[in-house]
Amino acid sequence: MARDLDGDEEKRVCVTGASGYIASWIVKLLLHRGYVVHATVRSLNDPEKTEHLHGLDGAKERLHLFEANLLEEGSFDSAVDGCCGVFHTASPVLLETSNPQADLIDPAVNGTLNVLSSCAKAPSVNRVIFTSSTAAVLHTGRPVSLETVIDETWFSTPEACKGFIGDSYVLSKTLAEIAACKFCEENGIDMITINPVVVIGPMLQPVINWSSDLLFNLVNGKNTYLNATFGWVHVKDVAEAHIRAFEIPSANGRYILSETVAHFSQIVDILQELYPTLKLPHKCMDDQPFQPTYQISKDKARSLGIEYIPLRETLKEAVDFLIEKKLINV
């Protein structure tokens, strides 16, 4: 699916949920590459959603903001119209809610279908890049260990998404990816799925997002750390992978993005070395055995030419940003 990016129409793309953490970085890199960007936000009148986007290099000349609602059918039609590619990142991130159906599942699943319906109506759209998560990969019911290598063939099942903190979010991402794959197959849409692990690094948006908050809590005087093992990846690598997945004709299927899998105890150890004066937790929140680490294959991500920023450097950039913004003190 080679594309000539010299013409204006061929360089026009849409990013949904553009005020979000990953999406803001995608918009930044797209503008840097010379794309015209249609960026959707929930409210054009909310400066928290728009000001940082207007401040990006190239925004004045090539950024166009559109108001769109995930639960409103046809809401994305005007933003998608005339675009050759769509980056669908818009989806709620909540670990706790009293109404998971309304707050998480409906926006994630029905919102994705609404965006894809707009894509199906637009003959200009050649490819859709769908931001999913390893939440839709890891929860298979299979035990994992240090010898386990997880790759893009792993799919979470709705049944295995239950019974732990944040399970409604995990279910929403799993159901959304299932629905997106089915819709695109039935409607002949070329869709590529990006499945990142926990994404950290500097923020462009003014409000701390969930993954940045994980790190913020760790360096902001907490007495204990989570008994949890996650994959970790730099936000710039994730944004870059989205764009390469759009631009490289041979890109296909799913791409898991993970630089390192590490338990929170390992994260604390790295931060203690980097910032000896920081007050960091030295005790796990429970007395249970540590959640096991495992491996995530990097083979497919390498086909996009992604050379990951090392975890140590990623953590330093993320914490330096928090220090620079005076959110924490060293």
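## Overall fold

Among contacts in the protein between residues at least 6 apart in sequence, 78% join residues at least 24 apart. The model is predicted. Its secondary structure consists of eleven helices and 14 strands.

The C-alpha trace spans about 55 × 40 × 40 Å along its principal axes.

## Surface and charge

Of the 330 residues, 53% count as buried. The protein exposes about 14800 Å², and carbon and sulfur atoms supply 50% of that area.

## Val-199

Strand E8, residues 198-200, contains Val-199. Val-199 counts as buried because its relative accessibility is 6%, and the cut-off for buried is under 20%.

Leaving out residues up to four places away in sequence, Val-199 touches Tyr-21, Ile-22, Ser-211, Val-233, His-234, Val-235 and Val-238. Leu-29 is 170 residues from Val-199 in sequence, and the C-alpha to C-alpha distance between Leu-29 and Val-199 is 17 Å.

## Lys-326

Lys-326 is located in the segment after helix H11, which covers residues 311-324. With a relative accessible area of 71%, Lys-326 is exposed, since the cut-off for exposed is over 50%.

The backbone of Lys-326 has a positive phi of about 60°, although Lys-326 is not a glycine.

Conventions
Residues are numbered from 1 along each chain as its sequence is written. This is a predicted model: local features need pLDDT of at least 70, side-chain atom pairs count only at pLDDT 80 or more; totals for chains, interfaces and linings use all residues. Side-chain values use heavy atoms; hydrogens and water are left out. Helices (H or I, at least four residues) and strands (E, at least two) are DSSP runs, numbered from the N terminus. Buried means under 20% relative accessible area, exposed over 50%, partly exposed in between (1.4 Å probe, protein chains only). Contact means heavy atoms within 4.5 Å. Accessible areas come from the Shrake-Rupley method with a 1.4 Å probe; for residues, only the protein chains shown count as cover.
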